[in-house]
Amino acid sequence: PCLVLHQNLAKINGTLSEKNISVITLNGIDKDVNKLKNYMAKSGTKFPTYLCTKDVLKQYNVEGYPKVFILDDKFKIIYVSSGYSDDILIRIKLLD
């Protein structure tokens with residue numbers, strides 16, 4: 001589910017940028033930066049992905065993947081989604 005979501009988010013990332021909306025992802029699974037870079041290249045990911053400790057994941061209530069955080073132009077979290085469904089992209093596109 002993560003790869004499909006990242007590929008789809010990569011497709012709409014330009015549209016989100018026009019709305020001053022940012023996508024970030026938190027990764028608490030991978031420890032190898034090169035492995036993460038390869039994954040990001042494979043998925044076409046252009047948005048930031050941060051390697052995180054368990055403490056950071058707990059702070060942001062990340063209990064499973066994928067978990068999406070959408071930020072406004074002031075870096076305030078305006079949307080959070082856990083898991084993947086086909087309608088997530090529609091919901092994200094409707095954000096202003």
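Student: Is F69 buried or exposed?
Tutor: The model is predicted, with local features needing pLDDT of at least 70, side-chain atom pairs counting only at pLDDT 80 or more, and totals for chains, interfaces and linings using all residues. Residues are numbered from 1 along each chain as its sequence is written, and side-chain values use heavy atoms, leaving out hydrogens and water. Buried means under 20% relative accessible area, exposed over 50%, and partly exposed in between (1.4 Å probe, protein chains only). With a relative accessible area of 4%, F69 is buried.

Student: How are the rings of Y60 and F69 arranged?
Tutor: Rings of Phe, Tyr and Trp (its six-membered ring) pair if their centres lie within 6.5 Å; planes under 30 degrees apart are stacked, over 60 edge-to-face and the rest tilted. The count comes to 1 aromatic pair. The centres of Y60 and F69 are 5.8 Å apart and the planes stand at 80°, so the pair is edge-to-face.

Student: Which residues of α2 are buried, and why do they line one face?
Tutor: Helices (H or I, at least four residues) and strands (E, at least two) are DSSP runs, numbered from the N terminus. An α-helix has 3.6 residues a turn, so residues three or four places apart point the same way. The buried residues of α2 are L36, M40 and S43. Seen down the axis, they fall within an arc of 70° (taken from the directions from the helix axis to the C-beta atoms), so they line one face of α2.
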